Amino acid sequence: MTGVAIVGAAESAEIGVVPTMSALGLAVDAARRALADCGLSAADVDGVAAAGLAPYLAVQLAAALGIEARWVDATMVGGCSNIVHVLHAADAIAAGRCSVVLVAHGESGRSGIGAPVYRHAPDSLPGQFEQPVGAAGPMTLLSLGTRRFLADRGFGAEALAEVVVAQREWAARNPRALRATITTVDEVLAAPPVAAPLTRPMCCVATDAGGAVVLTSVERAAALPRPPVRLLGGGSATGSAMVWTAPDLTSSEAFRRSGAAAFAEAGLGPADIDHAMLYDAIATLPLMALEDLGIVGRGASAAFVAGGHTRPDGRLPVNTTGGGLAYTHSGMYGIYALLESVRQLRGEAAAQVDGVQRSLVHTIGGMFHAAATLILGVNEA
Amino acid sequence: MGADRPLPRATPETREFWDGVGRHQLLLQRCDDCRLPYFPPQPTCPRCAGATMTSFAASGVGRVYSAITSHLAPPGFSPPYVLAVIELDEGPRLLSLIRGIDPDEDVALDTPVEVVFEEVGDTTLYAFRPQGPP
């Protein structure tokens, strides 16, 4: 893993409400910009990875760009998929199966252009045991354990609101953020409920967006124009078949397993991390991730956030774009978390934190179906 | 609820369960090897991967492990309604509506609940309500 680096990275030119592009168009746009970022062309790319609800997105992307790949990954495990792709690409590059890999995503999450509509078959597991009883998408499923989490930790709903308040401080510094207004705990709590105790600001935005990264060996990266962002460690994990089948909804076994693998491979601990992107489809997730990754102890996440430690000038900036709650979230969010880590490590983020050398990206897939964690760094000896 | 409420369709592995619901029984499977009761029904034990299991009728009694109040309106549902993870006395958990409560008031965690069955057209579905007085 330590022999591979991200050398190109870009979001689609536009994010938010993009009526001019399909999901594939957004992926292609981001891919072209990521290639331009590293001065490589499609002819240089021999591995491609992408995933979405459409099963052949990776192939359509490669075809659109004229890439003839000898390595392909279409692993689809929800929002962490692109991080899983990065892990797989690193192994493939190290094994010599390919040399330059494009990992890309595009999703018309708000406008629904060229976007498959997902329907659970009535004889699928969700079709039998979730849809008939009132499940209404991710906001009503991801949130199921929140009240038990709050009760078990002795937190009030304010703990969720504090996550939103902290992240708006970052969003306000980012011209591309969808929800860029500073807010207060009282305002967040008083906002319309979606899946109580979650109110609207505690749930992610729905946007159109695309993102892409280009990976290659550190040897090859030395000849390319951008400072390489090295992959230091990573992990992935499976979770539960349905969110409510997990033995403990207040702590994700998948988060713990994935995070532990990433730290172990990197030879680092939570104290070594300068910056973190913690996938935030709902406000509960960063609190759980802080604990499950061992960044804080069990029950200490609320005080950590409320104490300002994840805000600008805090000791661990988290979700520095504003995150899925305030910046962008197209449905599968992992690529956007990764891109902000890369920007922070390169020193070119909109809300740049001084001296970021090691960043952690932690992502969830589905409704706690999977998780993937990546630790990246610059200036590694 | 409305006629467009999504309805389950059984697979060969879940047919026995849904037939049981039709008889107003909540059937659980128990692994013949490690004795774990589990839900939903599936062809292997989720703990030991055992290949044989035996169904038994659950008591239908449990408690609210966690819950949300949904303010969304999927087909067949009018907000607000309470969606809960129910922990059955036998151990396994399932997802269910909570009937017989004011959805604008939070249902307390650990509220004792009991299963009820409701007919939606030709299909029987389960739900839970707070346990009545003994």
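# Pockets, cavities and strands

Trainee: How much space lies in the second largest pocket?

Mentor: About 850 Å³ of space lies in the second largest pocket. Of the 39 residues in its lining, those closest to the centre are A:Ser240, A:Trp244, A:Thr245, A:Ala246 and A:Pro247. A pocket is an open set of points, on a 1 Å grid over the protein atoms alone, with protein on both sides within 12 Å along at least five of seven lines, and a residue lines it if it has an atom within 4 Å of a point.

Trainee: What should I keep in mind about the model itself?

Mentor: It is a predicted model, in which local features need pLDDT of at least 70 and side-chain atom pairs count only at pLDDT 80 or more, while totals for chains, interfaces and linings use all residues, and side-chain values rest on heavy atoms, without hydrogens or water. Residues are numbered from 1 along each chain as its sequence is written, with chains lettered from A and ligands numbered from 1 in the order in which they are written.

Trainee: Back to the pocket, which elements supply at least two residues of its lining?

Mentor: Helix 10 and helix 11 of chain A do, together with strand 2 (37-38) of chain B, and helix 10 of chain A gives the most, with 4 residues. Helices (H or I, at least four residues) and strands (E, at least two) are DSSP runs, numbered from the N terminus.

Trainee: How does that lining divide into nonpolar, polar and charged?

Mentor: The residues lining the second largest pocket comprise 20 nonpolar, 11 polar and 8 charged. Nonpolar covers Ala, Val, Leu, Ile, Met, Phe, Trp, Tyr, Cys and Pro, charged covers Asp, Glu, Lys and Arg, and the others, Gly among them, count as polar.

Trainee: Which residues line the largest cavity?

Mentor: Its lining includes A:Val163, A:Ala166, A:Gln167, A:Trp170, A:Leu278 and A:Thr310. Helix 7 (158-171) and helix 11 (284-292) of chain A each give two or more residues, and helix 7 of chain A has the largest share, 4 residues. By class this lining has 8 nonpolar, 2 polar and no charged residues.

Trainee: And what lines the second largest cavity?

Mentor: That cavity is lined by residues of chain B, among them B:Glu13, B:Glu16, B:Phe17, B:Leu28 and B:Ser55. Helix 1 (15-22) and strand 1 (27-31) of chain B each supply at least two of the residues, strand 1 of chain B having the largest share, with 3 residues. The classes here are 4 nonpolar, 2 polar and 2 charged.

Trainee: Staying in chain B, is strand 5 mostly covered or uncovered?

Mentor: Strand 5 (residues 81-88) of chain B is mostly covered, with 8 of its 8 residues buried, where buried means under 20% relative accessible area, exposed over 50%, and partly exposed in between (1.4 Å probe, protein chains only). In a regular strand the side chains alternate between the two faces of the sheet. On one side of strand 5 of chain B are B:Tyr81, B:Leu83, B:Val85 and B:Glu87, and on the other B:Val82, B:Ala84, B:Ile86 and B:Leu88.

Trainee: Which strands does strand 5 of chain B pair with?

Mentor: Strand 4 (residues 61-70) of chain B runs antiparallel to strand 5 of chain B and is joined to it by 8 bridges, with B:Thr69 partnering B:Val82. Strand 6 (residues 93-97) of chain B also pairs with strand 5 of chain B in the antiparallel sense, over 5 bridges, and B:Glu87 stands opposite B:Arg93 there. Pairing requires that DSSP find at least two bridges between two strands. Strands 5 and 6 of chain B form a hairpin with 4 residues between them, and B:Gly91 in the turn has a positive phi of about 120 degrees.

Trainee: What about the sheet in chain A, and why is one side of strand 3 left without a neighbour?

Mentor: In chain A, 9 strands form an open sheet in the order 3-2-4-7-1-8-11-10-9, with mixed pairing. Strand 3 (71-73) and strand 9 (275-278) of chain A stand at the edges with a single partner strand each, so one side of each has no neighbour in the sheet. Strand 2 (residues 47-49) and strand 4 (residues 101-108) of chain A pair in the parallel sense over 3 bridges, and A:Val48 stands opposite A:Leu102.

Trainee: Last one, is A:Leu141 buried or exposed?

Mentor: A:Leu141, found in helix 5 (residues 138-141) of chain A, counts as buried because its relative accessibility is 7%. Leaving aside neighbours within four places in sequence, A:Leu141 is in contact (heavy atoms within 4.5 Å) with A:Glu130, A:Ala135, A:Val243, A:Met367 and B:Leu95.

Notes:
1 Å grid on protein atoms, 1.4 Å probe; cavity = no way out; pocket = protein on both sides within 12 Å on 5 of 7 lines; lining within 4 Å. Points joined across faces, edges and corners; volume = space filled by probe spheres on them.
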